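Visitor: I would like to learn how to read the surroundings of a ligand and a pocket in a model. Could you take me through them slowly?

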Amino acid sequence: MNAKPKIVVLGAGYGGMMTARKLTQTLSPEEAEIVLVNKHNYHYESTWLHEVAAGTINHNQARIMLSDVFNPNRVRLIYDSVEEVKRDENRVILENSELTYDYLVISLGFVTNTFGIKGMEENAFFIQDIDSSQLIRDHIEYQFVKYKNSEEKNDDDLTILVGGSGFTGIEFVGELAEKVPELCKKYDIDRYKVKIINVEAAPRILPSFDEELVEYAKQSLESRGIEFRLGAKIQECKEDCFVVGDDHEEIKAGTIVWTGGVTGSPVLSNSGFELTKGKVTVDGDLRAPGEDNIFIIGDCAWVMNEKEGRPFPPTAQAATQHGITCAKNIKALLHNQPLENFVFDDKGTVASLGISDAMGTVYGKKLYGKSAATMKKVVDNRSLYMLGGMKFLLKKGKVRPF
Ligand SMILES: Cc1cc2nc3c(=O)[nH]c(=O)nc-3n(C[C@H](O)[C@H](O)[C@H](O)COP(=O)(O)OP(=O)(O)OC[C@H]3O[C@@H](n4cnc5c(N)ncnc54)[C@H](O)[C@@H]3O)c2cc1C
């Protein structure tokens with residue numbers, strides 16, 4: 001080991017940011033060197049990406065420059081892509097360099113999973129990061145411009161198809177219900193010409209929410225022009241359509257977005273970890289099985305809910321809490337103290353259905369409508385505050401009028 005142990009955190013999402021922040025707060029500069037590696041020079045709020053993709057917020061609102069959060073004398077910031085972890089050598093291979101570690105935290109988040117659906121990778125957009133979300137926003141607006149300026153108008157150009165009705169798909173169509181009328185006004189296009197269609201293989205939307213909340217969400221979205229095609233299995237994604245069902249019906253569109261699934265970072269498989277559905281099932285203290293000095297957190301990890309015998313769902317809320325436990329456990333290792341097991345404090349979940357509507361459960365209580373929408377903004381602002389502090393809350397916090 002180096003004279004001063006080196007802690008390397010990979011990924012500046014919810015898990016990585018929280019780990020690095022807590023380490024700076026609880027360790028003195030003499031105790032350890034802290035390095036944070038991230039693909040970009042900014043953190044982005046993944047939970048706001050559907051708003052960036054619909055264009056209801058500017059992408060700058062959803063991101064925080066890392067150099068504005070961390071003192072570079074305290075946390076060494078490296079902007080590069082992680083490719084592989086060489087566990088036997090305590091080494092991380094980056095696209096442009098490499099580095100060694102004494103303690104490693106892998107918090108590289110999620111990538112979209114197309115489950116091998118033919119043509120999805122090539123023809124659909126994904127809500128995966130800031131860049132991919134901006135592309136969707138620009139593509140949708142381009143379709144409006146094209147339609148407005150073409151002599152032979154094709155109404156299908158204005159259709160937006162969204163595959164998957166989990167959390168991301170539903171929050172995204174909720175934002176589209178807000179944005180589309182604005183675009184129609186801007187380009188003088190009849191709102192009824194624009195279709196927003198959510199396509200889902202299962203018979204219902206939002207599998208993790210209770211039926212009453214789901215019914216509320218569906219009715220709210222339908223009343224604002226969202227169409228649902230439930231029980232419609234996507235067989236293939238072509239350049240201009242989804243092919244669905246046993247009769248291979250083609251649903252045509254000018255914009256196709258797939259939100260149907262995510263999995264852990266490919267760095268995990270590149271590094272030879274044993275995977276279950278693309279993620280590592282970690283020990284109770286968040287370390288990778290058989291590894292004394294490697295923690296895996298956030299969407300890269302399955303953390304078992306021992307009471308229910310299955311993993312906790314991957315969320316920003318969980319990733320943030322993983323970061324807190326992970327930092328404590330690294331400190332414990334440095335001081336030869338016992339490690340603690342992660343305990344999830346489930347505060348509930350709220351799904352937005354546009355600017356002024358939402359639904360969900362908070363501390364076991366169901367919320368609907370404006371009160372849920374207000375709560376959603378409180379949750380979003382709390383996240384900004386926890387990761388970036390008051391400065392970012394004041395600068396980027398959400399105070400959207402209803
Ligand atoms: C649209 C949407 C809405 C959501 N809404 C909610 C919600 O309301 N509530 C909730 O709890 N959860 C929500 N989630 C889920 C939540 O966003 C994730 O569970 C959470 O982001 C996981 O955090 P993380 O720290 O593991 O990874 P992330 O937040 O994804 O961060 C990963 C970081 O690693 C970086 N990175 C990735 N690969 C590399 C690489 N190879 N090299 C270098 N850096 C890399 C990325 O740039 C990023 O900064 C939502 C997700 C989406 C997409």
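Visitor: How many nonpolar, polar and charged residues does the shell around the ligand have?

Guide: In this sorting, Ala, Val, Leu, Ile, Met, Phe, Trp, Tyr, Cys and Pro count as nonpolar, Asp, Glu, Lys and Arg as charged, and the others, Gly among them, as polar. Here the shell holds 11 nonpolar, 15 polar and five charged residues. This is a predicted model, in which local features need pLDDT of at least 70 and side-chain atom pairs count only at pLDDT 80 or more, while totals for chains, interfaces and linings use all residues. Residues are numbered from 1 along each chain as its sequence is written, and side-chain values use heavy atoms, with hydrogens and water left out.

Visitor: Which residues come nearest to the ligand?

Guide: A residue is near a molecule if one of its heavy atoms lies within 4 Å of it. Of the 31 residues around the ligand, the nearest are Gly15, Val82, Asp299, Ala316 and Lys376.

Visitor: Where are polar backbone atoms found 2.9 Å from an oxygen atom of the ligand?

Guide: Polar backbone atoms of Gly15 and of Ala316 each lie 2.9 Å from a ligand oxygen atom, and for Asp299 the corresponding distance is 2.8 Å. The protein covers 91% of the 1000 Å² of accessible area that the ligand has on its own, where areas come from the Shrake-Rupley method with a 1.4 Å probe.

Visitor: What does Arg63 touch?

Guide: Contact means heavy atoms within 4.5 Å. Not counting residues up to four places away in sequence, Arg63 touches Tyr42, His43, Tyr44 and Lys396. Arg63 and Met359, by comparison, are 296 residues apart in sequence and 25 Å apart in space, C-alpha to C-alpha.

Visitor: How many residues of each class are in the lining of the second largest pocket?

Guide: The lining of the second largest pocket has seven nonpolar, three polar and four charged residues.

Conventions:
Polar contact = N/O pair within 3.5 Å; in protein donor to acceptor, adjacent residues only side chain to side chain.
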